[in-house]
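Hi everyone, thanks for coming.

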Amino acid sequence: MKNNHDFVTHNCDHYDGHRYNNLNQRKYKDDADICIVGAGAAGGVLAYELSKAGFKVVVIEAGPYWNPQTDFASDELSMASLGWQDTRLSTGKDPISFGHNNSGRGVGGGTVHFTGVFLRFHASDFKVKTLDGVAEDWPFSYEDLAPYYDKIERDIAVSGPQEFPWGEFPGPYPYPVREPISANAQLFRRGCERLGIPSVVTPLAILSAPFEGRPPCINRGFCNQGCLPNAKFSTLIHHIPKAIQLGAEILSDCMVTHIALNKEGLVRGVTFVHDGKEYSQEAKVFILSNFVVETPRLLLHSACAKFPHGLANSSGMVGKCIMPHSSHDLYAKFDEEVRLYKGTPVLASTQEFYETDSVRGFVRGYTLHAHGTRPVAMARGLAATAGIWGKDLYEIMRDYNFYGRITLVGEVLPNPDNCITLGGEKDEYGIPRAISSFSYSDNDNRLIAHGMEMSRQIFEAVGGKPAFVIPDSAHLMGGTKMGKDPATSVVDPFCRCHDISNLYICSASVFVTSGGGNPTETVMAIAARTADHIIEQAKAGGH
């Protein structure tokens with residue numbers, strides 16, 4: 001497995017590219033058009049689309065360039081390396097836990113180890129203020145993003161049901177659903193049916209038939225440990241190799257530490273560190289597509305005379321309104337074996353509780369997934385989060401095969417007090433560590449309680465005995481939100497910073513609200529839309 005000090009410049013379509021001992025030899029050191037920081041869901045899409053348009057693109061990624069055939073294993077413990085490894089500090093009434101559940105490390109980012117759940121946001125997600133009187137409306141509509149949802153789903157061959165009963169997209173998906181589904185998913189769907197709750201086999205960025213030389217899924221089930229056969233999509237195996245073929249340069253194991261401006265107040269370049277040495281990268285346009293914690297951290301750390309409170313922060317909103325999804329798990333015990341390790345983790349879902357219903361006593365809503373898990377992850381959740389230890393933990397894990405699990409993906413409302421700031425402690429690069437502060441609101445807690453009650457009813461309807469709830473969170477969003485007003489937002493509707501015209505932020509950081517479903521497809525659709533905007537601006541002489 002490659003370590004953090006194995007720098008690779010990839011200039012071909014396979015994983016072991018040419019290694020340079022001198023980073024100054026890199027292809028686009030002095031004449032890059034676009035520099036992208038971060039090679040995850042957004043960065044991969046941007047690299048491909050912009051390279052395809054003829055731009056000279058450099059992508060700088062803090063983690064390794066993984067090779068699925070040699071670096072991935074069917075092993076929970078060893079694959080913990082796919083998550084972000086550096087220390088992150090959390091505070092607040094409900095401190096966020098960081099790791100596999102919300103942040104990746106290396107080319108592909110979180111797409112390397114996500115479950116593959118691929119859901120669109122609903123039209124209501126973009127006008128929460130108008131409909132529900134809370135949060136803010138997005139500066140564009142579902143209709144503006146719909147063509148990009150279509151494009152992404154076709155480009156990566158999403159598998160899903162012929163009919164999808166919620167939101168604005170009725171189906172069908174490009175590829176049919178994956179079958180057979182797991183016992184946990186079957187129990188979930190049966191329980192939903194008995195309660196009159198519609199459910200579907202989950203739309204997934206996982207192949208149900210061959211596509212572009214990649215095989216269909218065989219239900220191996222190690223999606224969260226990296227898909228060794230490459231049946232599951234990630235930007236590591238899809239967008240980045242295509243970008244490389246088109247001329248993009250990928251600098252892996254390089255941590256960006258500073259953004260420098262020129263006299264005109266535009267970004268001149270970024271500083272990055274590899275193997276203890278500093279290097280620089282200049283370009284005409286820069287795009288931050290790193291994680292929700294790292295983007296505000298980098299902007300705040302790069303403060304200068306023109307922006308004493310952090311780059312692009314004249315609004316004071318950099319780092320504000322971070323939003324994880326509430327992601328609590330309800331476990332129920334069954335008389336027959338369920339075997340949660342079998343099959344792709346998420347194979348059945350319902351969005352019946354996605355939209356606001358005033359009868360429930362809270363606004364907005366959530367998705368429920370039948371969600372498998374592996375024993376180490378389950379034990380860690382029980383011990384670290386639910387506080388179950390010793391004999392109780394032993395007895396639960398002894399009966400691991402008899403438990404089913406339902407996971408909540410609950411919308412969390414934006415709150416400026418939930419934020420990323422810089423602390424006094426510094427990391428190995430001399431950058432202050434970020435502190436994330438987070439607390440659920442009363443509305444968030446009422447939503448969580450409702451989601452857990454519905455989960456209980458679903459499993460009880462098929463003979464399950466609810467056993468315990470593990471509180472959790474996932475899918476961090478916000479921190480540099482988009483908007484039309486520079487006084488209240490960081491970037492415009494095309495992810496361009498209000499304050500710095502050649503700096504874009506394109507990732508989950510720009511989300512105005514969090515929605516009640518997994519955000520990866522929306523991140524990628526926004527990236528495709530932003531790429532189109534940059535291309536159009538270049539043609540019009542705007543950059």
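I'll talk about a helix pair, the nonpolar core, the cysteines, and then some backbone details in the loops. Please keep in mind throughout that this is a predicted model.

Let's begin with the helices. Two packed helices are described by the angle between their axes and the distance between the axes. Here the pair is α4, residues 142-156, and α11, residues 520-539. Their axes are 8 Å apart and meet at an angle of about 105°. An angle from 65 to 115 degrees counts as roughly perpendicular, and therefore α4 and α11 are roughly perpendicular to each other. If you want to click on the contact, α4 brings D144, L145, Y148, Y149, K151, I152 and E153. From the α11 side come E521, T522, M524, A525, I526, A528, R529 and D532. What kinds of residues make up this contact of α4 with α11? They divide into eight nonpolar, six charged and one polar.

In soluble globular proteins, nonpolar side chains tend to be buried together. In our model, the largest nonpolar core has 161 residues, and L50, I287 and F511 touch the most other members. Let's zoom in on I287. Leaving out neighbours within four places in sequence, I287 is in contact with I34, C35, I36, V37, L46 and L50, and also with Y504, C506 and I534.

On to the cysteines, which I know some of you will ask about. How many disulfides does a search of the whole structure find? The count is zero. Take C419 as an example: the closest cysteine sulfur is in C321, 9.1 Å away, which is too far for a bond. C419 counts as buried, at 12% relative accessibility. C192 is also buried, with a relative accessibility of 0%.

Next, the backbone. Most residues other than glycine have a negative phi, and most peptide bonds are trans. So here are some exceptions to look at. A135 is not a glycine, yet its phi is positive, about 55°. You'll find A135 in the loop between α3 and α4, and it is partly exposed, with 25% relative accessible area. C495 also has a positive phi, near 75°. C495 sits in the loop between β17 and β18, and with a relative accessible area of 0%, C495 is buried.

As for cis peptide bonds, one joins G171 and P172, with omega about -5°. Another runs from E179 to P180, with omega near 0°. P172 lies in the loop between α4 and α5, and P180 is in the loop between α4 and α5 as well.

While we're in that loop, have a look at E163, which is also placed between α4 and α5. Is E163 buried or exposed? At 65% relative accessibility, E163 counts as exposed. Not counting residues up to four places away in sequence, E163 touches P170 and V200.

One last stop is V134, in the loop between α3 and α4. Leaving aside neighbours within four places in sequence, V134 is in contact with V128, K129, V363 and L413. V134 and F307 are 173 residues apart in sequence, and their C-alpha atoms are 31 Å apart in space.

That's my tour, and I'm happy to take questions.

Notes:
Residues are numbered from 1 along each chain as its sequence is written. This is a predicted model: local features need pLDDT of at least 70, side-chain atom pairs count only at pLDDT 80 or more; totals for chains, interfaces and linings use all residues. Side-chain values use heavy atoms; hydrogens and water are left out. Axes are lines fitted to C-alpha atoms, for helices over the stretch in contact, and angles run from 0 to 180 degrees between N-to-C directions. Helices (H or I, at least four residues) and strands (E, at least two) are DSSP runs, numbered from the N terminus. Angles under 35 degrees count as roughly parallel, over 145 as roughly antiparallel, 65 to 115 as roughly perpendicular and the rest as oblique. Contact means heavy atoms within 4.5 Å. Ala, Val, Leu, Ile, Met, Phe, Trp, Tyr, Cys and Pro count as nonpolar, Asp, Glu, Lys and Arg as charged, and the others, Gly among them, as polar. A disulfide is a pair of cysteine sulfur atoms within 2.5 Å. Buried means under 20% relative accessible area, exposed over 50%, partly exposed in between (1.4 Å probe, protein chains only). A nonpolar core is a set of buried Ala, Val, Leu, Ile, Met, Phe, Trp, Tyr and Cys residues joined through side-chain atoms within 4.5 Å.
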